[in-house]
Amino acid sequence: MNMLRNALLVALGASAAMAAEIPQNLGNVMFVGDSITHGFGTPSYRWPLHKILVDNGVTYNAVGVTEGNQNPRFCVKPGTLYAGVAFNNRHSAMSSERAYEIAGRINSSGRLGNSNIADWLGLDASYQGKFKLDMPTQTPDLVVMMIGTNDTFGDYGNKGGVGAGDNMLKAQNNLIGSVAENGTWSGTGDLDVIVDSLRKVNPRMRIIILPIPTWHDARRNNNKADDFAALMAYNENLKKWALAKKLELVDINEVLVNPSRED
């Protein structure tokens with residue numbers, strides 16, 4: 001099994017025995033997402049991931065348009081050393097982020113002011129703001145992206161639940177587009193825009209997609225049973241979409257979800 005896949009799973013709750021493998025250099029790594037990546041009630045999975053990679057001799061350089069965590073209480077100070085290796089706490093994530101903001105589909109500057117992939121990558125020459133990478137020096141070699149929780153639960157969950165009516169279908173069409181009977185995807189989703197933009201600056205970029213966390217089961221996080229089922233269905237479609245886009249998908253719900261557990 002791939003070292004980075006294992007490390008991601010370990011950072012999100014799997015057994016530490018999974019992570020050992022040959023050291024490697026991952027190059028420039030950019031983490032894209034919302035509060036789960038940014039770090040709200042925790043330092044985010046990026047800090048334990050950093051420690052796992054260091055423990056296994058894996059080197060990398062985190063690049064991103066911002067640094068730190070949303071909640072200062074849980075912030076790992078940029079430059080904090082672990083086994084002599086500094087954690088710069090850089091990323092391209094923001095609490096409450098939506099995929100449509102990063103894609104620039106709604107409000108080209110992003111509702112939060114730093115949310116447009118074209119700006120981050122220097123694809124829009126007219127952008128004069130501060131939220132951009134130092135290209136080409138910081139061109140990502142690897143992107144780890146977990147986005148969509150707020151596009152589903154946040155935007156549709158308050159309209160009867162993502163499992164009610166066609167709410168999840170609307171969210172899915174916005175995120176990954178539609179699929180034809182022959183299995184071809186439309187290429188019109190917000191995630192398509194993000195991935196295609198990334199590949200413009202580095203066609204050989206490694207892109208890892210993480211599905212929307214369903215956390216534990218239908219009874220946790222105040223999720224309704226039909227919401228949980230709809231989200232599981234979306235994640236299955238995300239796997240098919242990722243395969244069609246030639247992306248890597250690490251199913252973090254392998255370690256986060258256990259529908260049969262009663263405690």
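**Note on the predicted model**

1. Asparagine 253 counts as buried because its relative accessibility is 8%; buried means under 20% relative accessible area, exposed over 50%, and partly exposed in between (1.4 Å probe, protein chains only). Asparagine 253 belongs to helix 10 (residues 253-256). A polar atom of the asparagine 253 side chain lies 3.1 Å from the backbone oxygen of isoleucine 212. Helices (H or I, at least four residues) and strands (E, at least two) are DSSP runs, numbered from the N terminus.

2. The model is predicted: local features need pLDDT of at least 70, side-chain atom pairs count only at pLDDT 80 or more, and totals for chains, interfaces and linings use all residues. Residues are numbered from 1 along each chain as its sequence is written, and side-chain values use heavy atoms, with hydrogens and water left out.

3. The average pLDDT of the chain is 84, and 78% of the residues score at least 70; pLDDT is the predictor's confidence in each residue, from 0 to 100. Confidence is highest in helix 8, at 98, and lowest in helix 1 (residues 3-11), at a mean of 65. Residues 258-263 have a pLDDT below 50, yet this stretch has twelve contacts in the model beyond near neighbours in sequence. Where pLDDT is low, the predicted coordinates should not be read in detail.

4. The largest nonpolar core has 36 residues, of which Met145, Leu191, Leu198, Tyr234 and Trp241 touch the most other members. Such a core is a set of buried Ala, Val, Leu, Ile, Met, Phe, Trp, Tyr and Cys residues joined through side-chain atoms within 4.5 Å. Helix 9 gives this core its largest share, six residues. Apart from it lies another core, of 21 residues, including Ile36 and Val250.

5. Leucine 191 is in contact (heavy atoms within 4.5 Å) with residues that include Met145, Leu175, Ile176, Tyr234 and Trp241, leaving aside neighbours within four places in sequence.

6. Which residues of helix 7 (residues 167-176) are buried? They are Asn167, Met168, Ala171, Gln172, Leu175 and Ile176. These residues lie on the same side of helix 7 because they cover an arc of only 130° around the axis, taken from the directions from the helix axis to the C-beta atoms.

7. Just after helix 7, glycine 177 has a positive phi of about 80°. Serine 178 sits in the loop between helix 7 and helix 8 (190-201), and counts as partly exposed because its relative accessibility is 36%. Serine 178 and tryptophan 241 are 63 residues apart in sequence and 9.5 Å apart in space, C-alpha to C-alpha.

Definitions and conventions: A polar contact is a pair of N or O atoms within 3.5 Å; within protein, one must be able to donate a hydrogen and the other to accept it, and residues adjacent in sequence count only if both atoms are side-chain atoms.
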